[in-house]
Amino acid sequence: MSHYFDNDRSLPDDRKEISFRFLGTIYSFVTTAGVFSKSDLDFGTRVLLETVIEHGLEGKILDLGTGYGPVGVLIPLYCPNTDVTMSDVNERACQMAKENSARYALPNRVIVSDGFSAVSDSFDAILL
């Protein structure tokens with residue numbers, strides 16, 4: 001059985017667009033099979049985003065385990081003084097994160113990494 005934290009290339013591509021409301025605005029993202037919470041913004045991610053945005057965030061940010069990228073995309077939209085790197089072990093998730101960053105014209109870096117194995121920079125905050 002495959003999990004979102006696996007890099008299972010055998011899964012069929014099941015690309016779809018999802019939309020959700022966050023802080024009064026509707027956002028659209030592309031997702032696919034094999035990525036975490038591919039159908040909606042999950043509750044835990046929503047709470048993390050609301051909390052971080054409420055308290056403000058600046059500097060270099062690592063979105064570790066980015067999935068299709070909701071954290072890495074929404075953080076710089078609400079906290080513009082951030083420089084975001086998105087990372088996931090799942091290559092398919094990283095592709096979705098790249099596409100979703102481009103959709104919102106964000107210069108986010110996206111890297112495939114098993115935990116911190118390919119992460120070489122230092123960060124002011126790590127969100128996971």
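Guide: Let us begin with a term. A residue is called buried when its relative accessible area is under 20%, exposed when it is over 50%, and partly exposed in between. With a value of 39%, Asp121 therefore counts as partly exposed. Please keep in mind that this is a predicted model.

Visitor: Which side chain does Asp121 meet in a salt bridge?

Guide: The general idea is that side chains of opposite charge can pair when their charged atoms come close. In this structure, Asp121 meets Lys60 in a salt bridge, at 3.7 Å from N to O. The two belong to distant parts of the chain, 61 residues apart: Asp121 is in the loop between strand 5 (109-112) and strand 6, and Lys60 is in strand 3 (residues 59-64). Lys60 is partly exposed, with a relative accessible area of 28%.

Visitor: How many salt bridges are there?

Guide: The count comes to five.

Visitor: With which residue does Lys38 form a salt bridge?

Guide: Lys38 forms a salt bridge with Asp14, and their closest N and O atoms are 3.5 Å apart. Because Lys38 sits in the loop between strand 2 and helix 1, while Asp14 sits in the segment before strand 1 (16-22), the pair ties together parts that are 24 residues apart in sequence. Lys38 counts as partly exposed at 26% relative accessibility, and Asp14 counts as partly exposed at 36%.

Visitor: Where is Phe36 found?

Guide: Phe36 is found in the loop between strand 2 (25-31) and helix 1. Its relative accessibility of 36% places Phe36 among the partly exposed residues.

Visitor: How should I read the packing of helix 1 and helix 2, and at what angle do they pack?

Guide: The direction of each helix is taken from its N to its C end, and an angle under 35 degrees counts as roughly parallel. Helix 1 (residues 43-55) and helix 2 (residues 70-78) pack at about 25 degrees, with their axes 11 Å apart. That angle makes helix 1 roughly parallel to helix 2. Their crossing is right-handed.

Visitor: Which residues of helix 2 are buried?

Guide: Helix 2 is mostly covered, for seven of its nine residues are buried. They are Pro70, Val71, Gly72, Val73, Leu74, Ile75 and Pro76.

Visitor: Which residues make the nonpolar surface patch?

Guide: Such a patch is built from residues with over 30% relative accessible area and no salt bridge. Here Phe116, Ile126 and Leu128 make a nonpolar patch of about 340 Å². Of these, Ile126 lies in strand 6 (residues 125-127). Ile126 is partly exposed, with a relative accessible area of 39%.

How values were computed: Residues numbered from 1 in each chain as written. Predicted model: local features only at pLDDT ≥ 70, side-chain atom pairs only at ≥ 80, totals over all residues. Heavy atoms only, no water. Patch = residues over 30% accessible without salt bridge, like charges linked within 9 Å, V, L, I, M, F, W, Y side chains within 5 Å. Areas by Shrake-Rupley, 256 points an atom, 1.4 Å probe, with all protein chains shown as cover. Salt bridge = Lys/Arg side-chain N within 4 Å of Asp/Glu carboxyl O. Helix = DSSP H or I, 4+ residues; strand = E, 2+ residues; numbered from the N terminus. Buried < 20%, exposed > 50% of the residue type's maximum accessible area, 1.4 Å probe, protein only. Axes fitted to C-alpha atoms, helices over the stretch in contact; angles between N-to-C directions. Parallel < 35°, antiparallel > 145°, perpendicular 65-115°, else oblique. Left-handed = near helix turned anticlockwise from the far one by under 90°.
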